[in-house]
Amino acid sequence: MGNVWGQLFPPEPHFTEKEIPSLEGGVFIVTGGNSGVGLEIVKILYAPGGTVYMAAVDAFLAQESRLDVLFNNAGITRQPAGSATKQGHEMHMGTNCLGPRLLSPRPRTAYASSLPPSGIVDLTGPPGGLSFEELKPGHFHSDMNRNYSASKAGNWFLASEFDKRTPDVVSVVQSPGTLKTKGWDGTPKLVRIIMAPLLYPPKFGAYTGLWACLSAEVKKGDGQKLINPWGRWHETPKKEVVASLSTKEAGGTGLAAEFFDFCTSRPRNTLD
Ligand SMILES: NC(=O)c1ccc[n+]([C@@H]2O[C@H](COP(=O)([O-])OP(=O)(O)OC[C@H]3O[C@@H](n4cnc5c(N)ncnc54)[C@H](OP(=O)(O)O)[C@@H]3O)[C@@H](O)[C@H]2O)c1
């Protein structure tokens, strides 16, 4: 419950545009940068001189020889039960995990997964974060919150495994906060009415991402940790999900590594 409270009522932001030095020469990609949190990140990075790509991968490859930070921000929330991608994957999982996994961590210095697990992962997700059984076509869960939660745990697993497996890349996951964006559009009207007074401007979500990617407090080896709004470590993550991040040899369940391999082995257009 502490996590939910910490998400709904975070302390004042302490790492904002005022703390950011000149970003002249820095190169950034922000997926989903045309609205909500992503758009706020783009604006903040651009103002002090950063070169920011929002989606144009071809333009990026043609013009750049370095990448400092990849903000894997694009994502969807609370799609109707049974929704699937064209490839047949559960909609949240396909969009929030399998798509971003295609963006290999080629950046020289940092990879930031801005596809955050929220407190909802603790409350509504499967034990351990996600269930392989529920990823099989015909076996998707009927609760959209559970499917969304599983994809957010999947983001955490991918960030953690990237951090372990790519020596020169820092990879972390963060929960941006509860923010007034169109991400809430699919939520039942009553829930939106109840949540309305608790939603913060999307710029606050950008502050969480900025801390994850530019603060000196975030280092290589932090991939198993979770960042809370507006840039601080989560001190009491759910034990069952933390166990998924470690190998069986280290006392965990190895679920995160298994999920990373599952995402990596998926062909782009088929389920086989
Ligand atoms: N708002 C919150 O309270 C909250 C809480 C926890 C986590 N988050 C996470 O924060 C991230 C940003 O969301 P937001 O709240 O800023 O919502 P948003 O305004 O809806 O932004 C989502 C962005 O992702 C893009 N996107 C969605 N599906 C895509 C796809 N298949 N391919 C490419 N781009 C895609 C959207 O593009 P289009 O505009 O073209 O659709 C949009 O730019 C998401 O990962 C979300 O899960 C948000």
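How do the residues of the shell around the ligand divide into nonpolar, polar and charged?

Modeller: This is a predicted model. The shell around the ligand divides into 14 polar residues, 8 nonpolar and 1 charged. Of the 23 residues around the ligand, those that come nearest are Gly 32, Gly 36, Gly 75, Thr 181 and Gly 183. Two elements give two or more residues to this shell: helix H2, which spans 36-46, and helix H4, which spans 91-101. The largest share is that of H2, with 3 residues.

Now the rest of the protein. Its secondary structure comes to 10 helices and 7 strands. Of the 272 residues in the protein, 46% are buried. Among contacts between residues at least 6 apart in sequence, 72% join residues at least 24 apart.

The largest nonpolar core has 51 residues, and Ile 41 and Phe 71 are those with the most contacts inside it. Helix H8, residues 202-214, gives the most to this core, namely 8 residues.

On the H6 side, the contact is made by Gly 154, Phe 157, Leu 158, Ser 160 and Glu 161. H10 contributes Ala 256, Ala 257, Phe 259, Phe 260 and Cys 263. By class, this contact of H6 with H10 has 7 nonpolar, 2 polar and 1 charged residues.

Methods:
Residues numbered from 1 in each chain as written. Predicted model: local features only at pLDDT ≥ 70, side-chain atom pairs only at ≥ 80, totals over all residues. Near = placed C-beta within 6 Å. Helix = DSSP H or I, 4+ residues; strand = E, 2+ residues; numbered from the N terminus. Nonpolar A, V, L, I, M, F, W, Y, C, P; charged D, E, K, R; others polar. Buried ≥ 20, exposed ≤ 12 C-beta atoms within 10 Å, placed from the backbone. Contact = placed C-beta atoms within 7 Å. Core = buried A, V, L, I, M, F, W, Y, C linked by C-beta atoms within 7 Å.
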